[in-house]
Amino acid sequence: MAEVKSMFGEVLPKLGQLSVEDVATMVLCKPKLLPLKSLTLEKLEKMQQTAQKTICQQEMTEKEQHQTKE
């Protein structure tokens, strides 16, 4: 096989900085704690509690009104 010679010769710098590209590596981050309850479940529980409170308040006002009529 015949060697192919290029028109340009290899030139290496004698002074200066040589830069090397970094290879991307995997970085581990802190583990994230997941909540035991989902946000939607917490919202539903909060809605249920507020509904229960309003029902209790309505019952109390009805009892008071019933007692004042008697």
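**Close-up views of a predicted chain**

**View 1. One salt bridge in the whole structure.** A search across the entire predicted model turns up 1 salt bridge. Its partners are lysine 37 and glutamate 45, whose closest N and O atoms lie 3.1 Å apart.

View 2. How accessible are lysine 37 and glutamate 45? Lysine 37 has a relative accessible area of 37%, so this residue counts as partly exposed. Glutamate 45 is also partly exposed, because its relative accessible area is 30%.

View 3. As for disulfides, the count is 0, with sulfur atoms having to lie within 2.5 Å to qualify.

View 4. Stepping back, which secondary structure elements does the chain hold? The tally is 1 helix and 0 strands. Of the 70 residues in the chain, 0% are buried, a label that calls for under 20% relative accessible area. The chain exposes about 8,700 Å², and 60% of that area comes from carbon and sulfur atoms.

Notes:
Residues numbered from 1 in each chain as written. Predicted model: local features only at pLDDT ≥ 70, side-chain atom pairs only at ≥ 80, totals over all residues. Heavy atoms only, no water. Salt bridge = Lys/Arg side-chain N within 4 Å of Asp/Glu carboxyl O. Buried < 20%, exposed > 50% of the residue type's maximum accessible area, 1.4 Å probe, protein only. Helix = DSSP H or I, 4+ residues; strand = E, 2+ residues; numbered from the N terminus. Areas by Shrake-Rupley, 256 points an atom, 1.4 Å probe, with all protein chains shown as cover.
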